[in-house]
Amino acid sequence: MPIPGAVLDGLSATLGGVSLGAVDVDGVAWYLQTLDGWDSAEARSEFTDREGDHGAWAAPVYLGSRPITLGGTIVAPSQPLLEQAMDQLLVAAGLTDTTLTVWETIPKQATVRRSGKPLTQYVTERIATFSVMVTAADPRRYDVTLSSESTGLPNLTGGLTFPATFPVSFATSGTPGQLTAVNSGSFETRPLLTVAGPVVAPRVSALYPDGSVRQLAYSQDLDTGEVLIIDTDAHTVVINGGVSRRRFLTVSGGWPTIGPKQSVTYQLQSTAYNASALLTVQWRSAWM
């Protein structure tokens, strides 16, 4: 009889509250035997034939959504526990956002939703096969660890003079008030930026290894207790958790994402120094 908590041979993943590739607390063994679609998302590409010439014109290539099919076998100590396990699987493959984690050498996760009919088939009264299809709208596979760094305003002499002409570089002395975000993965990732007041017309600058700078300039002041959240993936800007402030944000040089195997330095800036102002950058390394 399998020991609860034991890890089984083969693939290992967690879908919602169900651990596949392991034995649960009821002694039910979840064997994960197929994980189709986890290797790569489909590509969206378009080619237009050249008129009167060889070849074609290539449009930009983008990754599509990532459909994933998980299949395997459930072995339970009894028929009631098998039926309970099948019900747990239906709940885990939810109709709303659910986290799928695959326990590779570097564990990775994706946010998925059910995208097909879950299939379960009795083999005996204690054994059943299963197949579940879910889809990740975001094709990236993310590090399970959320990285987070914070910094205040720089206490500097020198630095950038605004308006700035791009590309620019930082030339400062004193305490720089900056942080570095590193993407260890193979695909660009998009951080979440949080600015907490008080701060006068905050600007977030991202310095790249090639010397280029991308900047997000917010034209309004933040009072004590006000928090501005900038989502560089959704391209949204909200204050205090719900009110859109996108119209007050100017994007210079593009949204400040973090490329594969890249380190990006972020700095909070303002025309007036306040020791309580704070920039927090949150991100996950991402893989294709």
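How many aromatic pairs does the structure hold? The structure holds two aromatic pairs, where rings of Phe, Tyr and Trp (its six-membered ring) pair if their centres lie within 6.5 Å, and planes under 30 degrees apart count as stacked, over 60 as edge-to-face and the rest as tilted. This is a predicted model, in which local features need pLDDT of at least 70 and side-chain atom pairs count only at pLDDT 80 or more, while totals for chains, interfaces and linings use all residues. Residues are numbered from 1 along each chain as its sequence is written, and side-chain values use heavy atoms, with hydrogens and water left out.

One of the aromatic pairs is formed by tryptophan 30 and phenylalanine 130, edge-to-face, at 6.4 Å centre to centre with 65 degrees between the planes. Tryptophan 30 belongs to strand 4 (residues 29-36) and phenylalanine 130 to strand 13 (residues 127-136), so the pair ties together parts that are 100 residues apart in sequence. Helices (H or I, at least four residues) and strands (E, at least two) are DSSP runs, numbered from the N terminus. Both tryptophan 30 and phenylalanine 130 are buried; buried means under 20% relative accessible area, exposed over 50%, and partly exposed in between, with a 1.4 Å probe and protein chains only.

The rings of tyrosine 218 and phenylalanine 248 also form a pair: their centres are 6.3 Å apart and their planes stand at 85 degrees, so the pair is edge-to-face. Tyrosine 218 lies in strand 21 (residues 213-218), and phenylalanine 248 lies in the loop between strand 24 and strand 25 (249-252), so parts that are 30 residues apart in sequence are tied together. Tyrosine 218 and phenylalanine 248 are both buried.

Tryptophan 30 leads on to the nonpolar cores. A nonpolar core is a set of buried Ala, Val, Leu, Ile, Met, Phe, Trp, Tyr and Cys residues joined through side-chain atoms within 4.5 Å. The largest has 28 residues, and those with the most contacts inside it are Trp30, Ile68, Leu70, Ile74, Leu100 and Val112. Among the elements that give two or more residues to this core are strand 4, strand 9 (66-75), helix 1 (79-92), strand 10 (98-102), strand 11 (108-114) and strand 13. Leaving aside neighbours within four places in sequence, leucine 70 is in contact (heavy atoms within 4.5 Å) with residues including Leu20, Leu32, Leu100, Phe130 and Val134. A second, separate core of 27 residues includes Val199, Tyr208, Leu228 and Trp255.

Tyr208 of that second core also takes part in a charge-ring arrangement: the charged end of arginine 214 sits over the ring of tyrosine 208, 4.8 Å from its centre. A charge sits over a ring if NZ of Lys or CZ of Arg is within 6 Å of the ring centre and within 35 degrees of the ring normal. Lysine 108 likewise has its charged end over the ring of tryptophan 287, 5.0 Å from the centre.

The structure holds seven salt bridges, each a side-chain nitrogen of Lys or Arg within 4 Å of a carboxyl oxygen of Asp or Glu. In one of them, aspartate 97 meets arginine 113, with the closest N and O atoms 2.7 Å apart. This pair links distant parts of the chain, with aspartate 97 in the loop between helix 1 and strand 10 and arginine 113 in strand 11, 16 residues apart. Arginine 113 is partly exposed, at a relative accessible area of 44%. Arginine 190 and glutamate 188 form another salt bridge (3.1 Å, N to O). Here arginine 190 counts as partly exposed at 33% relative accessibility, whereas glutamate 188 counts as buried at 17%. These two residues belong to a network of salt bridges that links Asp138, Arg140, Glu188, Arg190 and Asp233.

An open sheet of six strands has the order 15-27-19-22-23-24, with antiparallel pairing; two strands pair if DSSP finds at least two bridges between them. Its edge strands are strand 15 (147-151) and strand 24 (243-244), each pairing on one side only. Strand 23 (residues 236-239) pairs with strand 24 over two bridges, and isoleucine 239 stands opposite valine 243.

Asparagine 240, in the loop between strand 23 and strand 24, has a positive phi of about 55 degrees although it is not a glycine. In the loop between strand 19 (192-196) and strand 20 (203-207) lies proline 198, joined to glycine 197 by a cis peptide bond with omega of about 10 degrees.
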